[in-house]
Amino acid sequence: MAEVPEETVETGLEGGVDPEELEQLEAQLAADDTPADEVAANGAAKAEEEDSDDDGLEEVEDHLKDAVEGSLRLKRLLSRDEDDQPSQKKRKLSTEDATKKAKVNQLLIKWGLSQDMVVKYVAQSCSVEELDELYKSGWIPDKFHQMKTPCELFARYLGDMKERKMPAGSACDAVSSFKFRWKLDFGTDKVLRALSHKDLRYVLTNYDGTKPLDEVIEEAKKTEPADDNTTADALPNGVGVGTIGRFTRLELIDPLADAAVFGDANLTFAMKLARHRKALGHVGRVIATTFEEHETLMERYKEINDSIRILEDHFAEVYHGVDCTRIAVDPRFKGMEGSLGAVYYNFPHSGAIGGFFDGHPVVNWRHENLMRLFFRALRSYVKPGGYVKVASNMGAVGVRYSYIVGSALENEFLHIETVPFLEWHLHRYGRSYGDKRDVYKRPDAKNNQSYNA
């Protein structure tokens, strides 16, 4: 946690206290009608409330506190009593905060939206650099749009502006992702695409920017193909980009490591994965989880017990009531640090809010926060070289692709590849809405086929 500069916080009285001022303070305290025991009770209640917020951290081991701290902090913010009196001593605005506030006001005055509180809220979420870019771009939200309000248009444009600085939201192979990560030119892209599978995999694994890329390519060409019968060393002379792409599409993951599936409401994807791993001879476990409890699932999916039985027949473990952002405080995940070789979260969603579309800025932050806390929670559980795969729609306005990729990068993961969903070997499973609509809006629940949604 970053330290707050001393000059930005009022630390109380400075210097000595005048005797006359001291007498006035004593008189003021004596005139206070609040009984001492009531004050003590209020103080104890507040202390208990603060202690209850930290209960989750007390149960977590030291090396896992970072994985759950963000989730607990969010819980504290959302549970604050709105009627609490604001503190008399407020933090002074730093120079950077004052500059940002001035730029926000300048932008809103230019747009003629200085009284629109939601537009102001979106603008305050921007950095100073983004505010400068918005001001210079000349873009103005359409105040007379027939379908969307200015705040929705502003939030959408801001998201698009951020995504232009990230890897493309459409298909992005291993070379394109590598080129973007290291800011390479198109000439280098052509060289990398001409490499064999052995050479390209060596470059992608060993290049760290400390030496020229040409030297790493020459080292790759001098290495001999390994003869250890592993999938990573298969077809060494094949086309590099195509062969590596087949690994992600065919789901050739670590056969010894465990795989976890989060948010799989009807467990059809977990069954697909368990059968896939069994066919390949994998010995790692499949850990299937649902956000809802078993009672809720039985109301929505009549076949849920049969699905659980099939998973257990494939030696999978099924956990209900799992919050993927708080696995560090879930006793069922104790001791699993560094054991997950693959993690799956298909079409994540933080839940609908009545009266709001997913893209509305008042509720959209929940989707971005879901991805940030998800990847933060996984940092201690995914083994080095493991994969995290999140499926989403390319044009999603809830969990945008930039939330997925951006949150992964913030939490020290690398973006390896973006694969079209229909090219993925595991894409044929019975998708669900994951809410009460599954009770009545299931066209082929009997055979667990796709909802075609």
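Modeller: This is a predicted model, and a few questions on helices, strands and surface follow.

Colleague: What span does helix α8 reach from its first C-alpha to its last?

Modeller: Helix α8 covers residues 150-163, which makes 14 residues. At 1.5 Å a residue, the expected span is 20 Å. The model comes close to that, with a reach of 20 Å.

Colleague: How many of the 14 residues of α8 are buried?

Modeller: Buried means under 20% relative accessible area. Among those that qualify are Leu153, Phe154, Tyr157 and Met161. Helix α8 is largely enclosed by the rest of the structure, because the buried count is 11 of the 14 residues.

Colleague: Which helices are included in what covers the buried residues of α8?

Modeller: Some of the cover comes from α5 (95-111), α6 (117-124) and α7 (128-137). Other parts of the chain also contribute, including α17 (361-378) and α18 (401-410).

Colleague: Which residue of β2 does Ala259 stand opposite?

Modeller: Strands β1 (residues 258-262) and β2 pair in the parallel sense, over three bridges. Both faces of β2 (residues 286-289) are covered, with Val286 and Ala288 buried on one side and Ile287 and Thr289 buried on the other. The residue opposite Ala259 is Val286.

Notes: Residues are numbered from 1 along each chain as its sequence is written. This is a predicted model: local features need pLDDT of at least 70, side-chain atom pairs count only at pLDDT 80 or more; totals for chains, interfaces and linings use all residues. Side-chain values use heavy atoms; hydrogens and water are left out. Helices (H or I, at least four residues) and strands (E, at least two) are DSSP runs, numbered from the N terminus. The expected span of a helix is 1.5 Å times one less than its number of residues. Buried means under 20% relative accessible area, exposed over 50%, partly exposed in between (1.4 Å probe, protein chains only). Contact means heavy atoms within 4.5 Å. Two strands pair if DSSP finds at least two bridges between them.
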